[in-house]
Amino acid sequence: MSKSFDVELINVQKKFGTNVVVDDFNLQIEQGECVSFLGPSGCGKTTTLNMIAGFLEPDRGDLLIKGKRMNGTPSNKRDLGMVFQTYSLFPHMTIFENVAYGLKLRKVSKAETKRRVDKVLDLVKLPHVAERYPKQLSGGQRQRIAIARALVTEPTLLLLDEPLSNLDAKLREELREEIKRLQRDIGVTTIFVTHDQEEALYMSNRIVVLDHGKVEQIGTPWDNNRPASEFVHTFIGKSNRLTGVVERVLDHTLELKTDTGISLRAVRRNDCFAAGDKVSIYMRPESIALHVEQRHSAATNVAKGTVKLTSFLGAYSECEIDIGQTVLTVRLQSVEQDGWLSPGMHVYTEWKPEDVFVFARKENG
Ligand code: ATP
């Protein structure tokens, strides 16, 4: 078996009773990568992480760390650092003692322990809290200490299970920046579990998107623009859905007609479609342009509509545009567009073929 990956999951399956919660999971993680497991609640992220951590055993398949099969190996023999959603520091120990705990178990000398604890406290920018107790720290500081504690043993693999979800929005952003910088600087192979797509996009070299225990897509954050399925497209980011049929399949283009009669052209990304197929058609809010007048005579990829609602959201604005039986959400750069749109105004929405995503529609969809 290959030794060139830090982590390999080969056809891993986990059942609880008859319920298959992780199915046929295959993944290879290279040294130094940060890979996120992303998906909605109950999709199997934590169960997969717990199998890698050694808290759960797979029912089928192999799990390798640094090329060695780990099935049946206890968690403390897997050379891991772990950080969970809750801070999980020992309340009766000082920060120094908390961070040093893993080294004490490994019988590391006092001098070496001091050197390593000081180093990781420096890394998480909290060198001055060693003598305090966890309750004397803020939530963000406690989570940084949990990260220091996970890193102090210089593990092969760092497992982070929703480490930011108990923090407020601003702190989440700050800490995710710090974790990313730290992860890239020390180059520790990392798995990051989250249900927050923006966090996954921000943190990861690659993202594993899961749904109902199945891997839907493994790709870089950029692969977000090449979604493998309707689930991936809609889970990662907001999107507008229209329904329609394929009218013609050309070499590089699909010609479509929505059920409300709008003609569209979409870039053809695969060979899945034939004329007459019922499809779901998606466009992201930020890829739709708004104009007061129709800019050219072509009637394709343009829909006339009425502004229903505008919302200012800081870095951008969102508008609801009624295009007849469907309301499109359109995202605009606030600075450029501030003040010129008001409810009741007639506008033209316009988009490019490369910004249209098409998926086969189930009979009742
Ligand atoms: P969340 O984001 O809510 O933590 P998740 O993606 O991490 O969700 P898991 O916790 O891995 O999901 O759970 C996957 C499925 O397995 C869920 O349907 C859950 O109810 C089920 N499950 C998890 N642990 C057990 C268990 N010990 N016994 C029975 N079912 C379980």
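Guide: In this description, helices (H or I, at least four residues) and strands (E, at least two) are DSSP runs, and they are numbered from the N terminus. By that rule, Asn301 lies in the loop between strand 15 and strand 16. The model is a predicted one, in which local features need pLDDT of at least 70 and side-chain atom pairs count only at pLDDT 80 or more, while totals for chains, interfaces and linings use all residues. Residues are numbered from 1 along each chain as its sequence is written.

Visitor: How many helices and strands does the chain have?

Guide: The chain has eight helices and 20 strands. Along its principal axes, the C-alpha trace spans about 80 × 50 × 35 Å.

Visitor: Why does Asn301 count as buried?

Guide: A residue is buried if 20 or more other C-beta atoms lie within 10 Å of its own, exposed if 12 or fewer, and partly exposed in between, with C-beta atoms placed from the backbone. Asn301 has 20 C-beta neighbours inside 10 Å, and therefore counts as buried. Across the chain, buried residues make up 36% of the 365 residues.

Visitor: Why does Asp79 count as partly exposed?

Guide: Asp79 has 14 C-beta neighbours inside 10 Å, so Asp79 falls in the partly exposed class. Asp79 is placed in the loop between strand 5 (68-69) and strand 6 (80-83).

Visitor: What is the phi of Asp79, and what is that of Asn301?

Guide: Asp79 has a phi near 60°, a positive value in a residue other than glycine. For Asn301, too, phi is near 60° and positive, and the residue is not glycine. As background, most residues other than glycine have a negative phi.

Visitor: What makes a residue part of the shell around the ligand, and which residues surround the ligand?

Guide: A residue is near a molecule or strand if its C-beta atom, placed from the backbone, lies within 6 Å of it. The residues around the ligand are Phe16, Val21, Gly39, Ser41, Gly42, Cys43, Gly44, Lys45, Thr46, Thr47 and His195. Helix 1 (residues 45-53) supplies the largest share of this shell, three residues.

Visitor: How do you know which class each residue of the shell belongs to?

Guide: Ala, Val, Leu, Ile, Met, Phe, Trp, Tyr, Cys and Pro count as nonpolar, Asp, Glu, Lys and Arg as charged, and the others, Gly among them, as polar. Sorted in this way, the shell around the ligand has three nonpolar, seven polar and one charged residues.

Visitor: How is the chain divided into domains?

Guide: The bounds come from an automatic or database domain assignment, which gives domain 1 (7-234) and domain 2 (239-360). Their C-alpha centres lie 39 Å apart. Four residues from domain 1 and five residues from domain 2 take part in the contact, where two residues are in contact if their C-beta atoms, placed from the backbone, lie within 7 Å.

Visitor: What makes strand 15 (289-291) and strand 18 (327-333) edge strands?

Guide: Two strands pair if DSSP finds at least two bridges between them. Five strands form an open antiparallel sheet in the order 15-19-16-17-18, and strand 15 and strand 18 each pair on one side only.

Visitor: How do you know that strand 15 and strand 19 pair?

Guide: Three bridges join strand 15 and strand 19 in the antiparallel sense, against the at least two that pairing requires. Ala289 has Glu350 as its bridge partner in strand 19. Strand 16 (residues 302-312) is joined to strand 19 (residues 346-350) by five bridges, also antiparallel. Val302 has Glu350 as its bridge partner in strand 19, and Ala303 stands opposite Thr349.

Visitor: Which residues are on the covered face of strand 19, and which are on the uncovered one?

Guide: Val347 and Thr349 are on the covered face, whereas His346, Tyr348 and Glu350 are on the uncovered one.

Visitor: Why are strand 13 (263-267) and strand 20 (356-360) said to stand at the edges?

Guide: Another open sheet of five strands, with antiparallel pairing, has the order 13-12-11-14-20. Strand 13 and strand 20 each have a single partner strand, so one side of each is left without a neighbour in the sheet. Within this sheet, five bridges join strand 11 (residues 240-249) to strand 12 (residues 253-258), which run antiparallel. In strand 12, Leu254 is the bridge partner of Val249.
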